[in-house]
Amino acid sequence: MAFPVVEFFQEKEFTCKCCNKNKTDIMFLMNLVRARRMAQTPFKINSGYRCENHNKTIGGSPTSSHLKGCAADIACTNDEQRQKILSALICSGFKRIGIAQDFIHVDSDTDKPARIWIYQETPIQKEDYDFS
């Protein structure tokens, strides 16, 4: 299925940086669009879909929801932006959110329990992301 044209996001933001494949779940994407509209602040996607090779290369979890195309890491550089993004994600119905110093992970993986967590250390190196 082709990546849909949606408000706020471009296909390349969710495409695997290793193989250029994109298996983003459409319902996940639509909920993310809803959250972005509510937040009224840009969502810069650092990581969307990942193939197994790329996920392994960057040290991602073998059970990462990025592998299923139902996860994204959103760059977040200050507390005001973090509050807007988190509030919008929760109001949009997301039940799995991870908070790191410089990004917020969100996923809609129904094979995993609902939870909110804080990363003690950033699990993925900054050079794996495009912060520009």
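**Notebook: contacts, rings and sheet in a predicted model**

I started at Glu7, whose neighbours, leaving out residues up to four places away in sequence, are Val33 and Arg37. This is a predicted model, so I read everything below as computed from it. The Arg37 contact has a polar part: the two side chains, Glu7 and Arg37, come to 2.6 Å. I looked up where Glu7 sits, and it is in the segment before α1. Its relative accessibility is 40%, so I noted Glu7 as partly exposed. I also checked Glu7 against Gln81: they are 74 residues apart in sequence, and their C-alpha atoms are 19 Å apart in space.

Next I went through phi. Most residues other than glycine have a negative phi, so I wanted the exceptions. Phe8 is one of them, with a positive phi of about 80 degrees, and it is not a glycine. Phe8 also belongs to the segment before α1, which spans 11-14. I got 33% relative accessibility for Phe8, so it goes down as partly exposed.

Asn20 also has a positive phi, about 65 degrees, again without being a glycine. I found Asn20 in the loop between α1 and α2. Buried or exposed? Asn20 is exposed, at 63% relative accessible area.

**Aromatic pairs**

I searched the whole structure for ring pairs and got five. One of them is Phe28 with Phe94, an edge-to-face pair with centres 5.7 Å apart and 75 degrees between the planes. Why does this pair tie together separate parts? Phe28 is in helix α2 (residues 26-39) while Phe94 is in the loop between α4 (79-91) and β3 (96-99), so the pair joins parts 66 residues apart in sequence. Both Phe28 and Phe94 are buried.

Then I took Phe103 and Tyr119, which pair in a tilted way: 5.4 Å between centres, 45 degrees between planes. Here too distant parts of the chain are linked, with Phe103 in strand β4 (residues 103-107) and Tyr119 in the segment after β5 (115-118), 16 residues apart.

Setting aside residues up to four places away in sequence, Phe43 touches Phe9, Glu13, Leu32, Ala35, Arg36, Ile74, Ile85 and Leu89. For context, nonpolar side chains tend to be buried together in soluble globular proteins.

**The sheet**

I worked out the strand order next: five strands in an open sheet, β1-β2-β4-β3-β5, with mixed pairing. β1 (45-47) and β5 are the edge strands, each pairing on one side only. From one strand to the next, the twist averages 25 degrees. I looked at the β3 and β5 pairing in detail, and it is parallel, over four bridges. Ile97 stands opposite Ile116 of β5. α2 packs on the sheet, where it touches β1, β2 (71-75) and β4, and its direction makes about 30 degrees with that of β2.

**His105**

Last entry: His105, which is in strand β4. I get a relative accessible area of 5% for it, so His105 is buried. What does its side chain meet in a polar contact? The partner is the side chain of Asp107, at 2.8 Å. Beyond residues up to four places away in sequence, His105 touches His66, Ala71, Ala72, Asp73, Arg96, Ile97, Gly98, Trp117 and Tyr119. Two names there were already in my notes: Ile97, which faces Ile116, and Tyr119, which pairs with Phe103.

Methods: Residues are numbered from 1 along each chain as its sequence is written. This is a predicted model: local features need pLDDT of at least 70, side-chain atom pairs count only at pLDDT 80 or more; totals for chains, interfaces and linings use all residues. Side-chain values use heavy atoms; hydrogens and water are left out. Rings of Phe, Tyr and Trp (its six-membered ring) pair if their centres lie within 6.5 Å; planes under 30 degrees apart count as stacked, over 60 as edge-to-face and the rest as tilted. Buried means under 20% relative accessible area, exposed over 50%, partly exposed in between (1.4 Å probe, protein chains only). A polar contact is a pair of N or O atoms within 3.5 Å; within protein, one must be able to donate a hydrogen and the other to accept it, and residues adjacent in sequence count only if both atoms are side-chain atoms. Contact means heavy atoms within 4.5 Å. Two strands pair if DSSP finds at least two bridges between them. Axes are lines fitted to C-alpha atoms, for helices over the stretch in contact, and angles run from 0 to 180 degrees between N-to-C directions.
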